[in-house]
Amino acid sequence: MKNRNIKIKSIFILGTLIVSFGCKKITDINTSPNNPSIDKATPQVLFPSGVLSTAGRVGGELDILGGIWSQYWTQSVAASQFKTIDAYNLQRQDLNGSYNELFSGALADYQLAITKAKAAKLDNFYLMCTVMKAYTFEVLVDLYDKVPYTEAFQGASNLNPKFDDGYTIYKGLLAEIDAALASGYATAPVVAADSKTDFLFGGDMDKWRQFANTLKLKMYLRMVNTHAADAEAGVRALYAAHADFLDDDAVVKVFIDATDQRNPIYAYTVFNLGANDLRASNTFVSWLRANNDARIKNYFGTNTPTPIDQGFYTATQAQHPSYYTATAPAFAATDPVYFITKAESHFLQAEAGLRYGVTTPKTEFDAGVTAAFAQYSLPAPTTGVYVYPNSADLQTNLKAIIYQKWASFPNSHTLEAFFDQERTGYPENSAIYSLDAGYIPGQWVYSKNGVTAGRFPKRLVYPDSERSRNTNTPPEVPITVPVWWGIPNK
Amino acid sequence: MAFAQNKTITGIVTSQDEGFAIPGATVKLKGTNQGTQTSNDGKYSISATDGSVLVFSFLGYETKEVVVTKNVMNVALRLSSKQLGEVVVTSLGINKAKKTLGYAQTTVKSEVINQSAPNNPFGALQGKVAGVNISNVGGSAGGSTKIILRGYTSLTGTNQPLFIIDGVPLNNSTSGSDTNFDFGNNANDIDPNQIDNISILKGSAATAIYGSRGSNGVIVITTKKGKSGKPVVDFSSAATITDVAFVYKPQDVFGQGWDSHFVLGENGNWGPKYTNLLQPWGAVVNNTQLLRPFSFIKNNVRDAFDHGLDLNNNISISGGSDASTYLFSYNNIHSNGILPGPADKFSRNNFTLKGSTVYKNFSADASLNYVAKNGNFVATGQGPTGIATTFYENLLQIPGSIPIKDLRDYKNLYFNVDNYYTPYAENPYYSLNENGSHSKSDRFYGNINLNYKVTNWFTLNFQQGADISNMGNRIWFNSNAPTPGSWVGGGNTEGQSRKPDVGSVEEDNFQNYEYDSKLQAIFNKKFGSDFDFNGLVGTNYNDRGARSHGSTIEGLAIPGFFNLSNSSNKPTAFETESHRRLLAFYGQATLGYKNYLYLTVTGRNDITSTLATGNNSYFYPAANLSYVLSEALGLKSTTVSYVKLRGSYGETGSDTDPYSTLNVLNSTNVPLGFGNLQFPFAGVPGFSIANTLYTSGLKPERVKEYEVGGEFRFLDDRLGLDLTYYHKIRKDQILNVPIAPSTGYASQLINFGEVKEKGIEIALNATPIKTSLVKWDFTYTFSHNKSIVTSLPPGLKKVLLAQDGYGGQFVAVAGQPLGLLQAPVPSYDPQGHIIVDSQGYPIAAADNGTYGNFQHDFVMGFNNSVRVQNFTLGFTFEWDKGGKFYSGTADLFNFVGADPKTLYNDRNPFVVPNSVQRVTDASGNVIGYKENTTQITEANVDDYYYTTSNKAQAWSRDILDRSFLKLREVTLTYSLPKSWVNRIGASKASFGVFGRNLITWLPSGNHVVDPEVSNYGTDLASEYGEFRTAPPLRFYGASLKVTF
């Protein structure tokens, strides 16, 4: 009997031990060994993540959208991946990924990095993250018109952020850039170890200031149609303050031909989709040919590319045999992703000079053309459309600038050409199709399979990922309606 | 010595017919008042002398008197009334008289499990138990079996039942499996030959003692044990031939080509009508071409496959002395599947060693099992883009006039990488032979069980279980590059070239472990003549987890050499760990009154490691009542032999996965849409805010369920009916709710949402014929289950359960049946006309429309056994009616113009019937509609059937009726006469032939795929359907069983 009691006792003690020690220990094992907790985040790990998130989307899927809608490329007859883009048939289920990634990837990371940088008095990261945030936000505003801004990134505390109109967001972003520029970034040099995390300029803060100024210039010029006074005042203020602009490319050049390290549009269209979808568009090829533009080889890998007329992916082999051997754009795994090129910076300055006389437009135009050709190690031509018209007519000069911008954007950041056309009307919309007699090379033609009754696309509709989850999403607007700064439909 | 000495007699009381230990049986010393009751494991001990007589009795059994001759007296009682005496295995592996249970319980016996020699425990149970849905989701040996009890109630958590083997939880993970590969679920590893019985507990009252692991029902497996006596050798051997049970049926009118023209290199059936005239086909090689009639080849797809062979051999040796028993068994499964070559070879070896011993009041038993699996598995679904293509996708893209069987010679001049007939797909046999996967796993599981009988009515029990497995998988895709200028390299008539496959190698390792300790005190006592009591209290500590790591390289430097070193690319690696603990205290008490009224209450308190401290302790109560009416009223007539009414209520739960309460960062991976950017980049690491937002206030999901039912037996047990109605609510569902990207996150993990489930289960048993020569038994089962989503978080219109790659979704919507299939639909004008675009194609509506839900209206089983002398014929039908599923096979089947649905209007130009076009104003706003006259031209008829160009209508062809009727099983067994058997020194022998999944009938709208297959896993998502997965199998074979 005695023995038995000891046994029962020991079992009871064992039980008590399990309970008292077990309970405490039991909850000790729920910190993930797989992921660092969020309070361990630093600007040094968030900022490069954000930059490649922006590059991955603006230089990837959105580059495809911009490239087709800017009529550099069109859908091939033998595949079908981008038919919906080429037919202007994008609906709320389309392109969700880019919207999601830019908001919950790039921008969320920039936002947290800004908070962390401010707290740690890392003003250099504060400026870098602010400029990238503004750059990325602007892409969303220009595509979607209104997006959440003042109430964005609040996590669980605001699951239905309100949408701000584009003009408010622009002004907010410009103010954020100004605040960052007013910080002590210049006196807070990037330490050597951190300079590697800056894929654009290796921690050169002067270049970040120039990028900030150039971005501001671009944003002010966007507003010339609908907020002319803001645009003019903004540009003049920049020049009055002797703002310096980029004389280099703001570019990410980290891509190599290795698993998940490839240039985004290459990875998307060539590596994963087998280069079966994008083909040279006759709109762009005809313009390059008409002007003997040597970049044709850089853009299409051959001096004699075979194009498809925009959107005519339904043609049969009997109708258009050449379509079936059409040329694909020349992408490489190691291609950089440009945010703003040196050429674009000069063309923006040329437009500023043209509109407000703040600088000499011809000088900037020439610098732009030179830089655009130098991007492909080519000498700039000195005749024809490559010469600044110096006309008394603003539109003639503007047309020359915008055409040169258009010709410089493929294979780098095509969306910009699409935005420019919506803002300036150049290249002009052709009244006839590119197969018709009398077609003027370079003019944009309505897609052969367009579903919008002859109207060109001007924006995107909100993705299902936002619309179905945010009750504040505004009513859907047809994709043929210009965004807030576009030339209004007639 | 003149007086016989008193000594302690021990032993175990079992049911002779059922083989179970009988708890609560009365043991009396004849002629005295001394007596005792057997414990929960049927054991007793009593003081007696040699020569005295022990009287064993138990309600429902014939009383037996035994003269004491030795110290251990094991006694088997014979049934008097089947229902009153039936003893079954309940939760925690405890045997109880079935009449005391206030909930539905079904036992499946070894013979039923093994009569058609399946290589897993569940392969032969389809259609046999009401409320148990079993499907073979993949067609491969070693692939997964999906088992769902009642229906689905957890939206995004698990709906998998808990598997218990001999009292210990069994790991049922599906490590490494995805839409490309199914490496099997671990519960399938159990050697079916060693199973004595499976007890299925579906409702929460039955499973509440498992608390936060019991919400999806529990499958309690009891394995065979050695028995006292001379050694017994059981031997069984079965050979099973497998072939394809169902393949898609292409149209036989239009042949190879595209845009209504014949094109040599096209992978579609969009060409002209078959002419049956001899013509060249395939690549032009050295100015020569193959010739064959331009005609549809019958059985082309079926002939792509071979017959497979499964061998199932088993031997076990068991026996024991009075005090100790032993059992050793070995089972070997060897299988080569229906695909030519070793691409789907599978083998499994199971070793089991068991033993038990009794010493005075102490008894111990232990079991150790080792399972070695080795298998090759073929990729299904869509291959990894840019790396390789899969057999099944390539197979679908072969026009009807191309002889698939010939392509097996994939290195032949006309069928090789350079000269395959099309640049748009690859030779399926290239994919089969050059790509593949190999999975090898080692697993140990077992338990040690110690019992100490403190007094006659009180036993202490300690059980330690372990289940440890280690699996290594290798997946390889060979590289190839068509030679530029060759047929596939651009030399075809369309000038298209196929991009090279860069190939890849992946090496993964998965370790799973689960340790389960249980300490419990078991009580069993009778009070007076009217009341008896049994119960237990216990504590359970469970520690389980998984570690996995893997590496992948893409881009092979040397083709055909599959090693992580063989690439210029650095390997990408991953590692994940998951570890959780559960501490529980539980108790159960059953109070019986006069052998006809039983009340059982249970309670369990769980403390889990996966929820935040202070928020991680939860109590789960349950109660059930059983009332044996026939006994209470003293009904003794043979017309009504047994009536029992039962009712129960129980609560169970389901906690979340580890690491779901704290917000984290991820190593940055930027999805590109196609492809990714993965840090580190240029030597710089990157971390990004994880897309899921976590909260520390998370609770377990909670299930509340009540159930009422009855068991009725008539005509001397020749007619029986078991009815159950249940009502189950699962609330506080742990949902990863998508939130607007503008919040900075993609989703938030919260408790919200409720699913209500109601259902009935009917089992009708009858023995219409019973003579000495012929006996016919059948069981008819019927179940109907409806799950409704009753609430979702505010503002959340739907929960995404699964999706295809094109825009179709499987969702939960509040107020709707669980599992709606929603996909693009056409938009309609106010008059109901389809709105088409300027090209004449329907415009997809802004929002997805609902095509139906996955749930069956009912599931019926009809299970028969007809014995004529020594022959027994068994056959089982299963009819599942209603519901919808998505088929990714149908999608590609339409794209290539193989679906008979593409024959509409004989492929002549047509205007979409009843369609209009929009009239718009200057800014593109719709101001009206006009009649549509734009034709879908002959050359564009194909575009009408693509998902990309006619999104609005594609899903109307891809979402199919889920109904099927199957002849699940036919068995014919011949028991060899005893006289013959004895001549070879055996005691029992039988020979059988059998078939499973023999005939499948599908509704007329489905020419494409068996609705049971899926490569979307084995849980709720799998009910969305399939994406170009493997076909199901048909089995037929023969078996021999001998007992020496």
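The domain bounds used here come from an automatic or database domain assignment. On that basis, chain B of this predicted model is divided into domain 1 (7–80), domain 2 (111–243 + 308–381 + 435–661 + 696–732 + 754–791 + 854–883 + 962–1043) and domain 3 (792–853 + 884–961).

**Domains 2 and 3 of chain B**

- Between the C-alpha centres of domain 2 of chain B and domain 3 of chain B there is a distance of 40 Å, and the contact draws on 30 residues from domain 2 of chain B and 29 residues from domain 3 of chain B.
- On the side of domain 2 of chain B that touches domain 3 of chain B, the elements giving two or more residues are strand 42 (774–791) and strand 56 (1025–1026) of chain B, and strand 42 of chain B gives the most, with 5 residues.
- Sorted by class, that side of domain 2 of chain B, where domain 3 of chain B is touched, holds 15 nonpolar, 10 polar and 5 charged residues.

**Chain A**

- The secondary structure of chain A consists of 17 helices and 6 strands, and its C-alpha atoms fill a box of roughly 115 × 60 × 45 Å along the principal axes.
- Of the 490 residues in chain A, 58% are buried.
- Among the contacts in chain A with a separation of 6 or more, 72% are between residues 24 or more positions apart.

Note on methods: Residues numbered from 1 in each chain as written. Chains lettered and ligands numbered in written order. Predicted model: local features only at pLDDT ≥ 70, side-chain atom pairs only at ≥ 80, totals over all residues. Contact = placed C-beta atoms within 7 Å. Helix = DSSP H or I, 4+ residues; strand = E, 2+ residues; numbered from the N terminus. Nonpolar A, V, L, I, M, F, W, Y, C, P; charged D, E, K, R; others polar. Buried ≥ 20, exposed ≤ 12 C-beta atoms within 10 Å, placed from the backbone.
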